[in-house]
Structures are given as C-alpha cells and as structure tokens.
Amino acid sequence: MEADRRQELERWADSLVRSEVAELRAAGRAIHALSGENEELEGRLARLERHDGGNRGAQSSLDRGPTAMRRPSDISLPWRRVLAAVGVIAILAAVVTIAARAARPELAMAGPRHHAVIGARALDGLEITAFTADAEWLLDGKPLTPRREGGRTFWRPRSLSDGDHVLVVRRRGRLVSSTRTFRFSVDTDAPLLKLARPAAGLRGKPLELSGTVEPGAHLRHGRRVVQLDQKGAFRYAVAPSLRRLVLTATDAAGNSSRWRVPVTVVPRRPNRPIRAVHVTAYAWADNDLRDGVLELVRAKKINAVELDLKDESGEVGWESGVPLAKSMRAQLRIYDLSQAVERLHGMGVRVIGRLVCFRDPIHAQAAWRAGLRDEVIQAPDGTPYAKYGGFTNFANPKVQKYNIDLAVAAAKLGVDEILYDYVRRPDGPPESMAFPGLKGKPESAIVSFLAASRVALAASEVLVGASVFGVAATRPNEVAQDIPRMARQVDYIAPMLYPSHWGPGEYDVLDPNAQPYEIVRRSTTDFVEQVRGTGARVVNWLQDFSYGRSYGPADVRAQIRASRDAGVEDFILWDAAVSYTGDALEATAAVPALDEHAELPPRAPMPVRLPDLKPAAAPPKNIAPTIGAKRPLSGLPPNELGQIPVVMHHMIRSDRVGEYDQTPAEFRAELEYLWRNGYAPVNVGDLVTGRLDVPAGTTPVVFTFDDATTYQIDFTPSGQVKPGTAVGIMLDFARTHPGFVPRGTFYVNRTPFGSERNAKIALMWLTRNGFEIGNHTHDHIPLRGLPEEEVRKQLARGAGAIHEILPNYRIRSMSLPLGSLPKNDDLVVQGSWRGKPYGPYAVLLVGANPAPSPFSKAFDAAAIPRIRTSHAGWKGEADFAFAYWMKEFEQNARSRYVSDGDPAAITIRKGAQADVRRRFAARVRPAS
C-alpha cells in the first residue's frame with residue numbers, strides 16, 4: 001500500500017477511535033493494527049528483493065530438482081507483489097466489514113415468531129414494535145404508517161385479511177441500513193364440525209358420533225379429548241343418557257368454535273300402528289267377553305289387547321310367582337297369562353300388560369296392618385290416606401320394587417309391553433297428603449321409579465309405557481306427572497284423553513264431552529310437543545263408553561281421527577265393561593304386529609354452532625349514538641351479516657296453559673329487555689326480503705305468533721284492541737317507550753281469532769297497522785306422513801281462508817304445524833291444489849336458534865329457525881330458548897346483527913365479502 005493511502009487510512013482510524021460508539025472505537029484500533037502490520041510486511045518484502053538480486057547468478061538450475069521444496073526466497077518478485085496486494089485487499093475487506101457493522105443503525109424489534117400462524121384471538125392482541133421512531137414500514141409491499149409513542153413505533157392490526165403477510169421494517173444509516181422482516185399467516189376462520197349423520201340412537205344403547213373437523217385441529221367434549229386422525233376424522237362414543245352435548249373444536253391458529261349437538265333418542269315402536277282395547281282379567285276369563293275381543297281381531301279392527309296384570313283393586317289376576325303378591329293374598333288365578341300370550345301371539349296380536357301401580361288398596365292395607373306405615377301415603381294427621389281405598393307410597397323403595405317385580409315376571413311370560421297406570425300421586429291438594437321418606441318433589445320420585453323399572457326390564461326388551469292424566473301436559477304438578485321427564489324413561493306416554501273427563505273451556509273447547517274431535521286434537525298436540533326428542537312416542541287412551549251423554553260410533557271415530565290429525569297413529573280404547581263399538585273401527589289393523597323397529601325421525605337435528613364465549617366487546621370510542629335517537633341503542637358497530645332472533649310466541653294468557661305460552665307480565669318483560677338492549681321488532685317479510693329498515697345501532701328481532709288465538713288480538717264491543725292481548729300489550733308498551741314500533745307476523749288457520757266476525761276484523765286491522773299474516777295450514781295438522789295431495793290441500797285452503805278476507809294480500813311465509821315437514825319438503829314452499837296456487841313461501845321451523853342474516857349465504861328461506869319464548873325466572877340454558885340466546889348475544893356481541901341505519905347499503909366486517917349472497921353483493925359497504 002502506498003504511503004499516502006496508508007496515511008489516509010490512519011487518519012480515518014483516528015476519527016473512529018474518537019467516536020462515542022464502542023464498536024467504532026474498536027474498529028479504529030483494528031485499522032491501526034492492520035496498517036502497522038502492512039507497513040512491516042512491505043519492509044520485509046523490500047529486504048527479500050535486495051537479497052535475491054545478489055545471489056541469483058550463483059545458483060545453478062541443476063541445484064533445483066522438480067521435487068525440491070521452494071523457500072520464500074525462491075518466489076519470484078512479481079508473485080511476491082501479488083501476495084502483498086492480496087494482503088492489502090484482505091485488510092481493507094476486514095476493515096470495511098467491521099466498519100459497516102459498526103456503522104449499521106440499531107433496530108431492536110418485538111413481534112411474532114418467524115412463519116407464525118395467527119388466529120382471531122391472537123390477532124386482537126397482536127402488536128409489532130420497533131424501539132425507534134425513524135424506521136420505514138412496508139406491509140405486503142405497501143407503505144404502512146405505524147403509531148408513534150415516545151421513542152418507539154408500533155402497529156396493532158385489527159382487520160387484517162386471512163392469508164400470508166410480509167412486514168418489512170427498515171432503518172437507514174449513513175453507510176448501510178438495518179432491516180427486519182416478519183413473515184406470518186393470519187387465519188381467523190374457526191373450524192367447522194361436520195357429523196356424518198345426526199346424533200341419534202336407542203335409549204340405553206351406546207351412541208357413537210362420527211364426523212370431521214379440519215386437519216390439525218383439536219376437539220373436546222368438556223374436559224375429554226376426542227381423538228382425531230390425520231385427516232381430522234373422529235369416532236366418539238357418548239353416554240346414551242345425554243340429551244345434548246357441546247363439542248369445542250380448536251384449530252392450529254387457536255380459533256375455536258362451539259357446537260351444540262342435540263341427541264335424538266329414537267323411539268322403539270311396533271312395526272304396525274297399534275289398535276288396542278282394554279280387557280280386564282275377569283273379562284278375559286269370561287268366554288263371551290273374550291270371544292267379542294277376538295272377533296274384533298278376526299275382523300282386522302284391532303291388533304293388540306291390553307290385559308290387566310294388576311288392577312285398581314290391587315288384584316294380580318294371574319300366577320306371578322312374586323312372593324309379596326302371594327303373602328298379601330293379592331295374587332289370584334283368574335286367567336293364565338302364559339296361555340293368553342300364546343293364543344294372542346298365534347293370531348299376530350300384541351299383548352300389552354296394564355299394571356296399576358300405586359292405587360293399591362290390598363298392598364296399602366296389608367302394609368298398614370304389618371306396621372310398615374312408610375309404604376302408605378298418609379293424611380296430615382298420620383292416618384292412612386283414605387281415597388281410593390288406599391294409595392301406596394311411590395317414594396318407598398319396597399313399594400317400587402313390588403311393582404317392578406310384577407312387571408319383570410310378566411315380561412318373562414312373553415308380554416310385549418308393560419303399561420303402568422296410576423303411576424302418580426293421588427289427585428287433590430298436596431297439603432292433604434303426606435309421603436313418608438320423600439326427598440325432593442313427587443314428580444322426581446315418579447321419574448325415579450320409571451328409571452329403575454327401565455333398568456330392570458332392559459334384558460327383556462319389552463316396551464314400557466306410562467298412562468298419564470290429560471291435564472298433565474299443561475299442569476305437571478296436578479298429580480306429579482312431568483311429561484318430558486317421564487318420557488325420557490319410557491317408550492311411550494299414554495294420555496287419557498276421554499272427552500267426558502275434561503272441564504268446560506279446556507283448550508278453549510266450550511263443551512269437550514260434546515266436541516270429542518276438538519278436545520282430543522288440541523290436547524294430543526301438546527303431548528306430541530312434550531315428548532319430542534325424548535325417545536318416547538304417544539299412544540292415546542280414547543273413550544268408548546258413555547258418561548254424561550250417550551257415545552256412539554261417530555264419537556269414537558271423531559277421537560281416532562283427531563288423534564291421527566295431531567300426529568298420533570296408535571290408540572287404546574277404554575270401556576270398563578269391555579263392550580266395544582266395532583262399527584267405529586276401520587278394518588285396517590294389520591297383523592302380525594309383534595315385531596318392533598326404530599326409525600330415525602325425519603329431519604333429525606344436526607349440530608348448531610353456538611356463539612363464542614367471549615365478553616362483549618367494548619364499543620369503539622369513535623362510534624357515537626345516532627343523533628336524535630330516542631330509544632336505547634346497542635352501542636355496537638354495524639354488522640349486517642350477524643344473527644337475528646326470530647321469536648316464536650303462542651298464547652299470552654295469565655294462566656299460561658301451554659309450555660310455549662307466556663303470561664302478560666312475562667311478555668312485557670320480554671319487550672322491556674329487547675327495547676333496553678337495542679332490538680327493534682320487524683315482520684318475517686322484512687327478514688325474507690332483506691328490507692330491515694331499523695335505526696342505526698339496533699338489531700332486528702322478528703316476532704311471530706302461531707295459531708291466531710284471541711289471546712293474541714281481540715276487540716272490545718267498541719272495536720278497540722283489548723289491552724291484555726299480545727297486540728294490546730305492544731300498543732301500550734309503544735306509548736311509554738320511545739322508538740318502539742309494534743310489529744309481528746301472525747300465522748293463522750281456518751276461522752282465526754275465535755270467530756268469522758273476529759277473523760275479518762282482526763286480519764284487516766293487523767294488515768292496516770303494519771303487522772303481517774302468514775299461512776299456518778287450514779287445519780293445523782302435522783304434515784309429516786300426509787299424502788302429497790293432502791299437504792297441498794292444507795296449504796291451499798289455508799291460503800284461501802286468508803284471501804277470503806284479504807283478496808289481494810301477498811302471503812310471504814308459512815309456519816309448520818308442530819314443526820312437522822312433509823316427506824317432500826318442496827310442497828310447503830310452493831304448489832297448488834285443484835287449481836288454487838299457494839306460495840312461494842319462506843318456511844318457519846320450530847324453536848331452535850337465531851336465524852342467519854338474510855344477506856348471508858347461510859340464510860335459507862325454506863328453513864328459518866326460531867327461538868321459543870322463555871318464562872319469568874326460567875333457566876334458559878336448559879332448552880336453548882329466549883333467555884339462553886339473549887345471554888349468548890350479551891357474551892358475544894360480534895355475532896349479533898347491528899344495523900347501519902341505511903336500508904340501501906349493507907355494512908359488513910372487513911374480510912367477510914365472500915359470505916354475502918350474490919344478489920346483495922352490489923350493496924355491500926365494508927365497515928370503516
């Protein structure tokens with residue numbers, strides 16, 4: 001290196017040594033050291049050159065062999081200069097490297113790991129920070145402006161699209177720049193759960209779920225881990241007693257989704273619809289009475305016989321072998337059960353063994369005499385309960401065992417079914433009786449008895465039924481018969497629906513004994529709803545005797561038809577005299593009726609995604625309430641792809657007869673909650689067409705009212721809406737709650753709202769005042785199982801009943817009676833009957849979950865789910881009704897539809913464009 005260049009390098013090193021940066025001072029010292037070594041190397045090369053010149057002539061070429069090792073002095077002068085130059089270059093390269101490193105600007109950062117996958121929750125908390133304020137930021141090649149705070153800058157993304165992203169942060173220096181690169185992926189989509197088939201199985205049998213989630217995800221049931229294969233497929237066995245379960249799927253990015261999986265218990269049933277008659281032990285032993293019953297079998301009018309095993313007197317009419325029956329002398333040899341079973345089975349006829357449980361005078365009196373007083377229901381003064389001659393204590397284990405032992409003994413002799421009767425407490429005020437040893441409520445003790453019986457009879461595989469009071473569907477405490485709970489322990493519920501036993505006005509039937517069709521159809525409807533999904537079916541007890549008025553073939557036929565129209569094919573006729581009206585029965589009882597089957601109910605429910613368990617997000621500070629609004633708002637940003645509650649109402653009445661009914665106070669409380677939390681009522685037509693014109697910051701709530709009763713709207717003699725009806729309550733509520741606008745869709749049958757006069761007044765008033773009318777079929781008959789012609793007839797005539805009053809009215813929707821779809825789903829959407837068209841309709845289902853937004857691809861107008869109403873103080877988590885879903889919306893506000901206030905635009909969250917239905921795509925406006 002020339003001397004002048006070395007001097008320049010020395011001066012540069014001097015300036016570095018004086019720097020405030022330790023790394024630069026070290027570089028300066030290194031340059032000084034290297035410069036000195038270079039100078040020394042130059043001197044040594046010069047001395048070698050002089051020495052080589054004096055000795056070159058004295059060396060002979062013969063002295064150097066091809067294998068001789070060459071000494072440094074043997075290297076020619078040009079090569080020595082090349083080596084010196086290389087050394088200089090190496091020195092300069094080292095110097096430049098050290099200097100560049102020392103001169104590079106500092107760039108300390110904090111952010112995600114390399115190639116991290118960031119889920120929705122992680123994205124909410126993601127922050128990338130540079131501990132300097134003068135760096136440049138580029139996201140996916142585009143400039144990004146981070147926030148500055150003191151001496152640092154940071155970026156908190158809140159609406160980053162799913163996919164791969166690259167963030168580059170660069171800080172420039174005088175000589176070089178410092179750069180940090182973050183490569184990461186965003187995945188905010190929660191995993192989907194798909195079941196191969198509905199979660200359905202037989203009661204008491206293992207149930208296996210099979211399905212898939214996305215590969216790499218995890219699946220849990222509570223704390224239990226569900227094992228997945230590499231493709232995300234699983235098989236999972238669950239306890240057969242579960243009514244429903246919640247599965248949580250979590251993907252590799254930490255996104256989670258919760259799924260409510262309803263468990264459908266498949267009812268066991270005979271392979272033929274059952275047509276049965278009641279036969280006492282003494283009647284079967286009587287040749288004439290028995291021959292009369294068998295003649296009905298031969299005429300194909302019945303295919304099942306109900307034989308008394310233990311009757312109301314406590315007598316066991318056959319040789320059971322149960323020790324207690326013998327010791328109490330309750331066991332008599334009235335007939336041979338084994339022979340009776342053999343004979344009836346030979347004709348293809350089912351044998352139903354009726355066993356009267358707790359009305360048992362023989363047992364009660366024998367126990368009392370023996371000092372076993374806990375086995376007897378008592379009066380408050382400690383004496384035996386006198387009614388019925390004695391009632392045994394259903395809460396006593398020995399009493400329960402006695403009845404179960406009799407049932408097991410009958411099952412061993414081939415009886416096809418055990419039908420428990422008087423499986424209840426005595427009727428009358430509870431304070432007039434005492435139940436020794438009872439823990440909890442009488443209803444629970446009855447259910448426990450049935451559960452124990454089911455276990456004891458499981459090996460025999462007989463069907464088990466329970467006879468119940470007709471009023472038990474609406475008044476479970478009357479005789480301690482909680483129908484849904486009992487139904488989960490038996491194969492069928494047998495309500496005693498004898499028209500002569502109903503009081504005037506029950507189910508709005510003025511004279512039930514004179515109106516057998518009306519009272520049986522309406523009460524059966526309640527029982528069908530009560531047992532839905534429990535694994536039990538309904539088998540009606542019907543009246544074939546005269547009480548209060550003479551009963552003939554037409555009255556019996558009316559009950560059978562009403563039962564069938566309400567969805568129940570099976571029945572048992574009761575006549576204590578065992579003298580049946582053969583002319584009332586059709587010759588359609590098919591035999592053999594001995595085999596059984598279990599058929600999955602149509603459209604068994606599949607998993608429903610639940611809202612995420614998150615606290616409600618705080619309203620953004622830049623979201624201000626709408627100027628001039630007089631009603632409470634949600635305070636949430638617009639999200640018009642969110643879910644919308646569609647609430648299913650029935651009657652608003654103070655005595656709350658049906659499970660779905662509400663008291664006026666409960667309905668007002670519901671309105672108060674909705675108004676206070678920023679909900680605005682709309683009609684079904686508004687939902688279906690997407691014309692959701694509600695104030696900004698509010699959520700539409702769709703009100704529906706089924707069955708068109710006078711409890712929903714009625715009028716005073718002066719023509720005013722009665723204040724205690726549903727509409728009257730809404731009108732009154734609107735007067736005291738600014739911004740509340742009464743709305744709702746009323747689904748009507750023939751002669752709605754009580755009379756032809758009321759129907760005309762009500763339909764015209766409702767449609768003139770912003771409400772809506774929908775089709776609920778003509779006769780409110782469950783459509784499942786009806787011939788296609790009858791389905792079309794019901795819908796066309798239902799539409800005709802509306803058009804008779806409102807000739808040009810457009811009916812936009814229909815509500816399924818009892819939620820029952822026909823086998824051909826398309827029939828309820830659109831069709832015609834005898835030249836009378838109906839539809840196209842949106843189709844309203846029964847209670848389930850909130851509906852998707854009409855702008856979402858998930859929205860299906862042919863299957864709109866509804867939420868059933870809740871009662872005051874009712875624990876909504878039990879059946880996922882109104883109380884449950886409102887709580888879910890509170891905990892996860894992001895799932896809720898929130899209006900932007902502009903009916904012409906659809907505001908959605910960023911990144912959700914792909915979820916919008918094509919017909920609405922042009923109206924989309926991403927949220928700011």
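Modeller: I will start with the whole chain, look closely at one helix, and then read some other parts in the same way.

Keep in mind that this is a predicted model. The protein chain has 928 residues, and buried residues make up 50% of them. Its secondary structure comes to 21 helices and 42 strands. Now take the contacts between residues at least 6 apart in sequence. Of these, 70% join residues at least 24 apart.

The helix to study is helix 11. Find it at residues 442-457. Helix 11 has 16 residues. From its first C-alpha to its last it reaches 23 Å. At 1.5 Å a residue, 22 Å is expected, so the two values are close.

Next, look at which residues of helix 11 are covered. P442, E443, A445, I446 and V447 are buried. F449, L450, S453 and L457 are buried too. What do these buried residues pack against? Two of the partners are helices: helix 10 and helix 12 (483-487). The other two are strands: strand 23 (417-421) and strand 24 (463-469).

Stay with helix 10, which covers residues 397-412. The axes of helix 10 and helix 11 come within 10 Å. They cross at roughly 35°. The crossing is right-handed. Now pick out the residues that meet. Helix 10 brings Q400, N403, I404, A407, V408 and A411. Helix 11 brings A445, F449, A452, S453, A456 and L457. Sort the residues of this contact by type: nine are nonpolar, three are polar and none is charged.

Helix 13 can be read in the same way. It runs over residues 516-531. Its 16 residues should span 22 Å at 1.5 Å a residue. Its end C-alpha atoms are 23 Å apart, which agrees. Helix 13 is mostly covered, with 14 of its 16 residues buried. Just after helix 13 comes G533, which takes a positive phi of about 80°.

Zoom in on one residue of helix 13, F527. Its relative accessibility is 0%. Buried means under 20%, so F527 counts as buried. What touches F527, once neighbours within four places in sequence are set aside? The contacts are V468, F469, G470, A473, I483, I493, P495, L497 and V538. Take A473 from that list. F527 and A473 are 54 residues apart in sequence, yet their C-alpha atoms are 6.0 Å apart in space.

Now turn to a strand. Strand 20 covers residues 275-279, and five of its five residues are buried. Both of its faces are covered. On one side are R275, V277 and V279. On the other are A276 and H278. Strand 20 pairs with strand 28 (residues 571-574) in the parallel sense, over three bridges. There, A276 has I572 as its bridge partner. Strand 20 also runs parallel to strand 21 (residues 304-310), and four bridges join the two. In strand 21, E306 is the bridge partner of H278.

Five strands form it, in the order 14-13-16-17-30, and the pairing is antiparallel. Strand 14 (224-226) and strand 30 (608-610) stand at the edges. Each has a single partner strand, so one side of each is left without a neighbour in the sheet. Neighbouring strands of this sheet are turned by 35° against each other on average, direction ignored. Within the sheet, strand 13 (residues 218-221) pairs with strand 16 (residues 244-250) over four bridges.

Last, visit a loop. G744 is found between helix 17 (726-736) and strand 34 (745-748). Its relative accessible area is 0%, so G744 is buried. Leave out residues up to four places away in sequence, and G744 touches V682, N683, F703, F705, F771 and E772. G744 and V702 are 42 residues apart in sequence, and their C-alpha atoms are 6.7 Å apart in space.

Conventions. Residues numbered from 1 in each chain as written. Predicted model: local features only at pLDDT ≥ 70, side-chain atom pairs only at ≥ 80, totals over all residues. Heavy atoms only, no water. Pairing = 2+ DSSP bridges. Axes fitted to C-alpha atoms, helices over the stretch in contact; angles between N-to-C directions. Left-handed = near helix turned anticlockwise from the far one by under 90°. Contact = heavy atoms within 4.5 Å. Nonpolar A, V, L, I, M, F, W, Y, C, P; charged D, E, K, R; others polar. Buried < 20%, exposed > 50% of the residue type's maximum accessible area, 1.4 Å probe, protein only.
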